[in-house]
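Hi,

Here is the structure I promised to pass on to you. Have a look at it first, and then read on for what turned up.

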Amino acid sequence: MSGKPDQPKHHLMHVHLIIKEYFLHLSVSPERISFSIRGCPYENSLDMIHSLFVINSSGDVFMEKHWKAVIPRSVCDYFFEAQNKASSMDDVPPVIETPHHYLISIYRCNIFFVAVCKSEVPPLFVIEFLHRVVDTFRDYFNDCSETIIKENYVVVYELLDEMLDNGFPLATESNILKELIKPPNILRTVVNSVTGKSNVSETLPTGQLSNVPWRRSGVKYTNNEAYFDVIEEVDAIIDTSGGMVSAEIHGYIDCVVKLTGMPDLTMSFMNPRMFDDTSFHPCVRFKRWEAEKILSFIPPDGSFRLMSYLIGSQNAVAIPVYARHNLYFSPAGHGKLDLTLGPKQTMGRQLENVKVEIPMPKVVLNCTLTSSQGKYAFDPVSKVLNWDVGKIDPQKLPNIRGTINIQNGATAPESNPTLNVSFTITQMAVSGLKVSRLDLYGEKYKPFKGVKYITKAGRFQIRM
Amino acid sequence: MSKLSGGMAQASPNASYHQSYGDGGAASPASTGSTTGFGSQSGVMEAVEMDPASGASIFHADGFKKHEDLKQMLDSNKDSLKLEAMKRIIHMVARGKDASDLFPAVVKNVVSKNIEIKKLVYVYLTRYAEEQQDVALLSISTFQRALKDPNQLIRASALRVLSSIRVTMIVPIMMLAIRDSAVDMSAFVRKTAAHAIPKLYSLDPDQKDELVNIIEKLLGDRTTLVVGSAVMAFEEVCPERIELIHKNFRKLCNLLVDVEEWGQVVIIGMLTRYARTQFLDPNAGDELDEFEESSRDFYASSEEEDRKKTSSNQEGAKKRSRPKMDPDHRLLFRSTKPLLQSRNASVVMATAQLYHHTAPKAEVQVVAKALIRLLRSHKEIQAVVLNCIASMTSTKTRNNMFEPHLRNFFVRSSDPTHIKILKLEIITNLANAGNIGIILREFQSYITSQDKFCIAATIQAIGRCASTIDEVTDTCLNGLVHLLSNRDQAVVAESVVVIKKLLQSQTGDHKEIITHMAKLVDSIQVPAARAAIVWVLGEYCERVPKIAPDVLRKMAKSFVNETPEVKTQTLNLALKLCLTNPGQTKLIAQYVFNLARYDQNYDIRDRARFMRVFVFPPPGHETNKLLLNAKNIFLATKPPPVTESKFKDREVYQLGSLSHFLNIRANGYQDLPSFPDVAPDSSLRNVEPIKVPNPWEKSLDKLKKKSTFYSESDGESGTSDSSSSSSGNNSSESSSSEDESDHGDASTRTLKQAIPATTIVNGESKKAPKKDEEEMESSSESSDESSSSESSSSEDETYPSARGNRPAVAQSNLDLLLDLSEAPPASGTPMLTPSIGGFLSPSNAPNAKTLSESISEAEVNFYPTKSHQLLSKMSTGGLQVSYRFTRSSLLYSSCMCNVELTLSNLGDAELIDVKIGAKQMAPGMSLKEFPGIASMDPGQTAVVNVGIDFNDTTQGAKFSLVASGRCFQVTLNPIMGELVKPVSMPEGLFNLEQGKLKGMNETETKVTLPEANANLETIKKKIFEGVNVAQVPSSEDDTLKFVAKTLSAQVLVLIRAKFNPEGNHLRLNFNCEKIVVGSMLGKELKVALEST
């Protein structure tokens, strides 16, 4: 992987110049030649994304797409170099500089998406776009993985072709994309494999794009329904003594809207002043929100995220769980763990899906524990102890205890790890947020409406 | 080239290739499975398909054979086979394999009717066209056809692919396509056209001027879908032409909220630059004040508290007197602020940098919350945002905006290391006496974390806090000393280095610390730490007179095995000890210097040689001045190292840019211009009211009406986007003007002058009695509409009058047609359903309108009298028919050429039932027959008119004339000059249109005139005779300009005749979209002009 992959281009340019000179002697226009050799004189314009390489975690470039002149995939060697330096996949720097290119990458679904740029471009622009690409894949294929991309090369390629034109995003709204390329579904896959057709929509030539960029025109449903999930995630850092270092609530409203025609919805909250910060789907009329604190929007068809909000550390944030923990490493070479979890400030709701993850110090060999409920597992490679607790019964608090063995001869770690806790509480928004009304204008029918509240642990850490 | 890339690909380890090919084979079970139906052929294919898995070299060897199969499939006439082949080829392309030798076979299929195949061919074509230019050219005509497709999506994709083919030869074609698409009725196509502009520009920079014209036009577009891409094209092609923005500035600001996300980023980027060049620095006064204050602090002693108070009052007064912010500058912030709420991180970042670089300091505050929100996003986004915050917090002035969010930067053990380090940097930047307690407690918990890098960064952060915040210096130092007994070497080493720095900036006598550090020499191995310890001992050797020589002794022992860094410091120590305590140390020093003299490292050798002289002067130089001052040289008090943020120097780069992130100047990075000292004329941004029927302004006007239509239709279903936003806009506008009014009347007056429309209409809506909400909105909406570009009063008047005029004008056929095309177009472009026509074609109308406004039908200058024989009595035995082109319009259809037939019965029998029989027209042509003549007596002559639509070709119209049951075949051959009709237009428009029709659309004919014709009058006459044109006034004496429109397609025909009296040369230039028309006219006119 070492070597200087970009060097050949130097030679190439040199060769190119020689050829050019040679042709000048022959008084033949060298223009044609100059074009078949890439990366040379005419690429002076500013541009955004040149190429995209998709790389799996074992370092195979399994897909490449070029929007402009082809960039040899050896440019990825710089990326691999940075990857080798990084201690974990997450630690690969998002922007890497190489002599002639800039590599901007994201890591999602165990895949690296590496965009190659040649000149100044806002890095967030590229990063955000790459994430949007992954979101689109997930939207189309329900998931995104190496296998799925490989199975759908053709659709993936067409999507990339439509999403980016000359390195600049063209159509990223799923509504327009789905007009252009039909997403695969199981039924169609079966039909296609029988009839030998692909996923390109054959009925494409409707040629209709609605005047609302995010919504298709001519949507029809027999059952009109709109579901709203208010999901709140509690981010918190709790220190060793149980004190709160920081806590805030990140909430979002995810919708599944299946409504005929061009419905215009308004949603109002019982207590809209509690938001510290909000961001909206482009469909939300911002001015109306500013003035009246009412969400007024023509929804996209299908599922989308309507808004996300932050209720910050200024407000008192309820912490629904606490931990009593005791982890002690004796210098003799073994440790003791005793951990009890309990509910707190849950307004009578039950804590469900409780899970605890403890990244143990590297010297830990294994753990011998007994848990009063749920199962635990220790992965000796990643040194992570997982405890799947399940529900917490306030009468009988879950507890796990036992010994931790340390490698022979290694000194006991000085510091204790942190607990990452996850949980869900259904039918409750921990901030107390409530939707008060949901009205539909512009269409005659009465839709079925539903609002659901869920509280989850976000980045919830307890320091031991 | 392909070989080369193949070669390079092989350079990467073979193992990964094996795997990727293997995966490729495994990943396409669906495709191979579906081929089994094709019999034995597919069996072969499968085998070959799997073959590459055995190695890249075999792939190359077998490549030819394998592609043979695909070629066969592509050549078959079954769509399913072709599709299958195309899919596999795309698989190859996606995996980065070379599929270029299939190019000819693939390109053939570009004409495929099957849209799936077509799309895949497009994908392939864009990838390989550059390499196979000749073959690629074959596909061009298909794209040209697709550009005229009724479906906007097909037009758009044709343009996208056509412009992606990087072949210089097609530059003129691309130019033409872009020009056409830029005025397409579909916004999506116009957007694609905007995208195509940079592509063409990168292919052929010479086209810049022409492209700038198109960009200018697109910038005027009011569709939110288009403006983003238009600005993108502007940024890539002509960012220096800032004057193009003036007129559009307010419009862009008003539309910004509704533009699609990526466009927003580009527009904000451009507006940042615009603001930096067009507006005054809003903080200019501040800096002055700050400076004065600091100087006051410096000079004035603290005794005069009250004087300070008065001065701060003065300061307040000064602030108020600071130059007022341009209302447009204000508008910029008002319209970008909602974007901080965007779901798209790059939009938020772009807005944040706009505020950071152009807003008054007090207002930058608002971006903090939004940036903090982004921290919850993906780690890549976090990294970039933290980077920006780190540099924003690195200067003390902007610090306080992030202070309330300190807790958001607390490190989580699950963060990736680079994020942790950035967070630590920010926390350190934010640290002050007030919050240092919390911060140190946090630091304490980080030190026990398991991440080595994080620990090191934390220790350094503690050091920085200690040196900047006096209150905690001792606490920190103690803490760090405590860390010296940590079990982890890395921690100890880092602490040593930090303590070394701290000691320098401390004045106290830290004997114990130094002693403690000296003890570490035995145990610690990290070179940086050892070097630091040795340096400290040397520097403070007088404080620990017993220990220092001992350390030197130890170092001398291990000298040979030390790293250069440590060796250098050992030399320093030796020298310093020699100077202070020569008795005890001279011998050891000599030993060390001797060792260093023969060191491997040249730096060490050089240093040793240089330093040696000070302690062991060569004989005769003992009293050298330098030597006498040695102590001053080596033991002078050194200034403590400045501890400041690493991010400070990034301020020079634009926030959020690639250069900023990497802290190097990236390719193509352009510095933000600094604010001008004197504000450029702000009236440039006023859009002046229309007086003359300027076609472009008119179209704006038209668009506006469209957009009201838009919002009204929305308004029915609740409240529309634009109306709600505009009402908000207006209210905030008026409130802001109220806010500002307390600074004195002057400001409101300026505001009024600048945006007269807004304020006036606002006043009205305020005065209006409280109506219900809807009405309020609609009124403010209209006010916004009018204020946004032109002054409202004159506008409102032009509206109804324009509307009133239309029915009157609509009498002529031409206008009727044009008006029709505004609604669902009549012919030629049969694509639009009324609904999309209404919503998505706001600029189609202006186009048609443009023409209709400035191009009107003109008088016919010459009526030909010459008739041509169609049928002679010799062949018919009596009936003789001649025809003449009348050049008068036909009521039946304006596409038809009015031909007068003169029928005469020259025989001696009566002819009955004379009429037109069977017609054998070429496709696209049509004929309107004359009503049959019942009978014609011998000698009688009848004159009838027929209308023929020649479809702008010179093909003859074949039909038969029937008389008395006998059928005579005739062919009526048109003359090109008669297939056009005169229109009038101003010269400016003529030149503009001519500019558009260059290249292939221009034909030139040179005529040498006979003496008799060699004057402009005759030429004019001859041209009028030959072609049915109207003259356009020409500003050049020797040039005549004529214009006409073809009857059928209604395309312009521009004729420019340049007469050169020397040699009686006449140069005729014909510009017409239809190349044939130009060349035919040239031939005809040449004949006419050469005859006397």
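**Aromatic rings in chain A**

A:Phe275 is buried, with a relative accessible area of 10%. Please keep in mind that this is a predicted model. A:Tyr309 is buried as well, and its relative accessible area is 2%. Over all chains, the structure holds 31 aromatic pairs. One of them joins A:Phe275 to A:Tyr309 in a tilted arrangement, with 4.6 Å from centre to centre and 55° between the planes. A:Phe275 sits in the loop between β10 (264–269) and β11 (277–280), while A:Tyr309 belongs to strand β13 (residues 302–311), so this pair ties together parts of chain A that are 34 residues apart in sequence.

Which residues do ring pairs link into a cluster? The members are A:Phe269, A:Phe275, A:Phe280, A:Phe286, A:Trp289 and A:Tyr309.

**A surface patch in chain A**

On the surface you will find a nonpolar patch formed by A:Tyr227, A:Val256 and A:Phe448. Together these residues have about 270 Å² of accessible area. As for where A:Phe448 lies, look in strand β23, which covers residues 448–463 of chain A.

**Rings and charges in chain B**

Chain B has an aromatic pair to look at too: B:Phe402 and B:Phe409 are arranged edge-to-face, at 6.4 Å centre to centre and with 70° between the planes. The cut-off for calling a pair edge-to-face is over 60 degrees, so the 70° of B:Phe402 and B:Phe409 puts them in that class. Both B:Phe402 and B:Phe409 are buried.

B:Arg127 lies over the face of B:Tyr128, 4.3 Å from the ring centre. B:Lys500 has its charged end over the ring of B:Trp535, at 5.4 Å from the centre of that ring.

**Chain B as a whole**

How many helices and strands does the secondary structure of chain B come to? There are 52 helices and 16 strands. Chain B has 1092 residues, and 55% of them are buried. The accessible surface of the chain comes to about 46400 Å², with 54% of that belonging to carbon and sulfur atoms. Looking at contacts in chain B between residues at least 6 apart in sequence, 67% join residues at least 24 apart.

How values were computed
Residues are numbered from 1 along each chain as its sequence is written. Chains are lettered from A and ligands numbered from 1 in the order in which they are written. This is a predicted model: local features need pLDDT of at least 70, side-chain atom pairs count only at pLDDT 80 or more; totals for chains, interfaces and linings use all residues. Side-chain values use heavy atoms; hydrogens and water are left out. Patches are made of residues with over 30% relative accessible area and no salt bridge: like charges are joined within 9 Å, nonpolar side chains (Val, Leu, Ile, Met, Phe, Trp, Tyr) within 5 Å. Accessible areas come from the Shrake-Rupley method with a 1.4 Å probe; for residues, only the protein chains shown count as cover. A salt bridge is a side-chain nitrogen of Lys or Arg within 4 Å of a carboxyl oxygen of Asp or Glu. Helices (H or I, at least four residues) and strands (E, at least two) are DSSP runs, numbered from the N terminus. Rings of Phe, Tyr and Trp (its six-membered ring) pair if their centres lie within 6.5 Å; planes under 30 degrees apart count as stacked, over 60 as edge-to-face and the rest as tilted. Buried means under 20% relative accessible area, exposed over 50%, partly exposed in between (1.4 Å probe, protein chains only). A charge sits over a ring if NZ of Lys or CZ of Arg is within 6 Å of the ring centre and within 35 degrees of the ring normal. Contact means heavy atoms within 4.5 Å.
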